[in-house]
Amino acid sequence: MSVESTPGTPVVIRFVRHGESFTNTRRLLSYRDADLPLTSCGRQQAAALADRLVGETTIFSSPLVRAAQTARILARGTALVRFDEGLRELDVGHLDGRDDPRSWALHDSVLARWDAGDTAAAFPGGESLAEAAARMLAALGRCAATRPSPLVVSHGGAIRAALLKISRGETVLRHLGNCVELHLACHVEGERIRAMQITREPARHDGAGRKECAWESTAGGSGETASPG
């Protein structure tokens with residue numbers, strides 16, 4: 001099913017980072033090999049978020065255990081959970097499963113190059129920003145094509161990569177807490193999505209009571225587009 005949108009009716013893609021996992025507490029770099037479950041704190045975080053989410057019928061999720069567990073808690077046994085490989089955490093290549101300071105320093109140096117605009121910078125044996133953003137945006141396109149306001153459970157690094165692409169290189173996000181929501185307002189045009197605005201949820205407001213944006217398109221609403229793959 002396709003979602004029809006008009007310039008006056010943007011689709012909102014709702015990102016949620018998974019709850020705290022043993023991957024987080026052990027500070028493991030994790031893409032595929034190091035796939036650990038939620039901690040008790042992470043399960044509580046997901047349950048608290050579920051209390052705010054009403055009427056969900058479909059939740060899209062990364063297949064990694066920490067995201068899948070979060071999605072199932074949010075589903076409360078009533079919503080369908082659909083897994084998409086494109087929502088997986090960053091492919092850190094040879095760093096997967098490592099927790100040593102040298103590996104983290106290398107990881108952070110790649111992210112710094114991404115922030116500086118180097119879309120070709122890649123993890124050793126892993127993916128570049130261009131590759132990570134492309135598969136994330138393709139996955140988001142698939143989600144938005146089937147639900148008018150999809151809830152997407154993914155990972156901090158993967159969400160960061162997508163937002164870097166969407167904001168045309170502006171660093172929207174350096175850290176996203178566990179079970180924190182971001183809303184991406186966009187237009188779905190056939191098989192393409194056009195980003196307009198990114199906000200944190202629950203929303204913050206400025207002194208005049210206006211909703212603060214983490215990022216907003218300043219190019220006539222052009223944003224970044226991607227075709228689902």
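**Salt bridges.** I counted the salt bridges and got nine. This is a predicted model, so I'm taking side-chain atom pairs only at pLDDT 80 or more. The idea behind the search is simple: side chains of opposite charge can pair when their charged atoms come close.

I looked up aspartate 115 next. Its side chain meets that of arginine 160 in a salt bridge, at 2.5 Å from N to O. The two sit in distant parts of the chain, with aspartate 115 in helix H4 and arginine 160 in helix H6, 45 residues apart.

Then I checked aspartate 118. It forms a salt bridge with arginine 113, and the closest N and O atoms are 3.0 Å apart. Aspartate 118 has a relative accessible area of 26%, so I put it down as partly exposed. Arginine 113 comes out at 44% relative accessibility, so it goes down as partly exposed too.

One more pair for the page: aspartate 100 with arginine 98, again a salt bridge, with 3.0 Å between the closest N and O atoms. Arginine 98 is at 36% relative accessibility and therefore counts as partly exposed.

**The largest pocket.** Rolling a probe the size of a water molecule over the atoms shows where empty space is left. For the largest pocket I noted a volume of about 540 Å³. I found 22 residues lining it, and Arg17, Glu89, Trp104, His107 and Gly157 lie nearest its centre. Which elements give two or more residues to that lining? They are helix H1 (22-25), helix H4 (101-115) and helix H6 (156-166). H4 gives the most, with four residues. I also sorted the lining of the largest pocket by class and wrote down seven nonpolar, eight polar and seven charged residues.

**Cysteines.** How many disulfides does the structure hold? I found zero. Cysteine 179 is in no disulfide, and its nearest cysteine sulfur, that of cysteine 41, is 9.0 Å away. A disulfide needs the two sulfur atoms within 2.5 Å, so that separation rules the pair out. Cysteine 179 has 10% relative accessibility, so it counts as buried. I looked at cysteine 143 as well, and at 1% relative accessibility it is buried too, because the cut-off is under 20%.

Terms used: Residues are numbered from 1 along each chain as its sequence is written. This is a predicted model: local features need pLDDT of at least 70, side-chain atom pairs count only at pLDDT 80 or more; totals for chains, interfaces and linings use all residues. Side-chain values use heavy atoms; hydrogens and water are left out. Buried means under 20% relative accessible area, exposed over 50%, partly exposed in between (1.4 Å probe, protein chains only). On a 1 Å grid over the protein atoms alone, a cavity is a set of points where a 1.4 Å probe fits but cannot get out, and a pocket is an open set with protein on both sides within 12 Å along at least five of seven lines; lining residues have an atom within 4 Å of a point. Grid points are joined across faces, edges and corners, and a volume is the space filled by probe spheres set on the points. Ala, Val, Leu, Ile, Met, Phe, Trp, Tyr, Cys and Pro count as nonpolar, Asp, Glu, Lys and Arg as charged, and the others, Gly among them, as polar. A salt bridge is a side-chain nitrogen of Lys or Arg within 4 Å of a carboxyl oxygen of Asp or Glu.
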